[in-house]
Amino acid sequence: VIHNSYLVVAAEFGLLGLVPYLGIIVLSWLGFSRVIRSKRWVPPSQLTEEHRVLVHAATMMQIALLGVLVGSIFLNAVRFKSMWLIFAVAPVLLSMASVYLANVQEEVEELPAVGTPESSPVG
C-alpha cells in the first residue's frame with residue numbers, strides 16, 4: 001500500500017492525472033492568496049466586516065490546505081472528503097471576494113476625486 005497521495009495519483013492515473021491534481025493544489029493556494037491580498041486593494045474607509053470575514057476564512061483555509069499538503073506526504077489523503085472540500089472552497093471564496101471588490105470599486109468610482117470642484121465643501 002502506498003502511503004503518499006502524490007504517488008497514489010501518479011501510480012493510478014499517470015501524468016494525465018498527476019498534472020491536473022497538482023494544478024488543483026496550486027490554483028487553490030493561489031486563490032486563497034489572492035483573497036488574502038485583496039485586503040490591500042480596498043480603501044480603509046470601505047473595509048467592511050464582510051470583507052474581513054472573507055480574508056479570515058481564506059487565511060484559515062490556506063492553513064488547512066497546508067496541513068493537507070503535508071499530511072498527503074505521509075498518508076493517502078486522495079479519498080478524504082475534507083481535502084476535496086478545501087479545493088472546492090477556493091474558487092467560491094475567490095468569487096465572493098471578486099464580487100465584493102467589484103461592488104467596492106463601483107462605490108469608490110462614484111465618489112468625486114479629491115481636489116475636484118465637486119469634492120470641495122464650499123460650493
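Predicted model: local features only at pLDDT ≥ 70, side-chain atom pairs only at ≥ 80, totals over all residues.

Reader: Now the helices. At what angle do H1 and H2 cross?

Author: Their axes cross at roughly 145 degrees and come within 6 Å. On the H1 side, Ser 5, Tyr 6, Val 9, Ala 10 and Phe 13 take part. These residues meet Leu 15, Leu 16, Gly 17, Leu 18, Tyr 21, Leu 22 and Ile 25 in H2.

Reader: How do the residues of that contact divide into nonpolar, polar and charged?

Author: The contact of H1 with H2 comprises ten nonpolar residues, two polar ones and no charged ones.

Reader: Moving on, how do H2 and H3 pack?

Author: Helix H2, residues 15–37, packs against helix H3, residues 49–74, at an angle of about 150 degrees. Their axes are 8 Å apart.

Reader: What does that angle say about their directions?

Author: An angle over 145 degrees counts as roughly antiparallel, and H2 and H3 are therefore roughly antiparallel to each other. The crossing in which H2 passes H3 is left-handed.

Reader: Which residues make the contact between H2 and H3?

Author: From H2 there are Tyr 21, Ile 25, Ser 28, Trp 29, Phe 32, Ser 33, Val 35 and Ile 36. From H3 there are Leu 54, Val 55, Ala 58, Thr 59, Met 61, Gln 62, Leu 65, Leu 66, Leu 69 and Ser 72. Together, the residues of the contact of H2 with H3 divide into 13 nonpolar, five polar and no charged.

Reader: A change of topic: how many aromatic pairs are there in the whole structure?

Author: A search of the whole structure gives four aromatic pairs. In one of them, the ring centres of Tyr 6 and Tyr 21 are 6.0 Å apart and the planes stand at 55 degrees, so this pair is tilted.

Reader: Where do Tyr 6 and Tyr 21 lie?

Author: Tyr 6 belongs to helix H1, residues 5–13, and Tyr 21 to helix H2, so the pair ties together parts that are 15 residues apart in sequence. Tyr 6 and Tyr 21 are both buried.

Reader: And why is the pair of Trp 84 and Phe 87 called edge-to-face?

Author: The planes of the Trp 84 and Phe 87 rings are at 80 degrees, so the pair is edge-to-face; the ring centres are 5.3 Å apart. Trp 84 and Phe 87 are three residues apart in helix H4, residues 81–110, and are separated by about one helical turn.

Reader: Are those two buried or partly exposed?

Author: Trp 84 counts as partly exposed because its relative accessibility is 35%. Phe 87 is buried, with a relative accessible area of 7%.

Reader: Which residues form one aromatic cluster?

Author: Tyr 6, Tyr 21, Trp 84 and Phe 87 form one cluster.

Reader: Finally, how far apart are Val 26 and Phe 87?

Author: Val 26 and Phe 87 are 61 residues apart in sequence, and their C-alpha atoms are 9.9 Å apart in space. Val 26 lies in helix H2 and, at 46% relative accessibility, counts as partly exposed.

Methods:
Residues numbered from 1 in each chain as written. Heavy atoms only, no water. Axes fitted to C-alpha atoms, helices over the stretch in contact; angles between N-to-C directions. Helix = DSSP H or I, 4+ residues; strand = E, 2+ residues; numbered from the N terminus. Parallel < 35°, antiparallel > 145°, perpendicular 65-115°, else oblique. Left-handed = near helix turned anticlockwise from the far one by under 90°. Contact = heavy atoms within 4.5 Å. Nonpolar A, V, L, I, M, F, W, Y, C, P; charged D, E, K, R; others polar. Phe/Tyr/Trp six-rings, centres within 6.5 Å; stacked < 30°, edge-to-face > 60°. Buried < 20%, exposed > 50% of the residue type's maximum accessible area, 1.4 Å probe, protein only.
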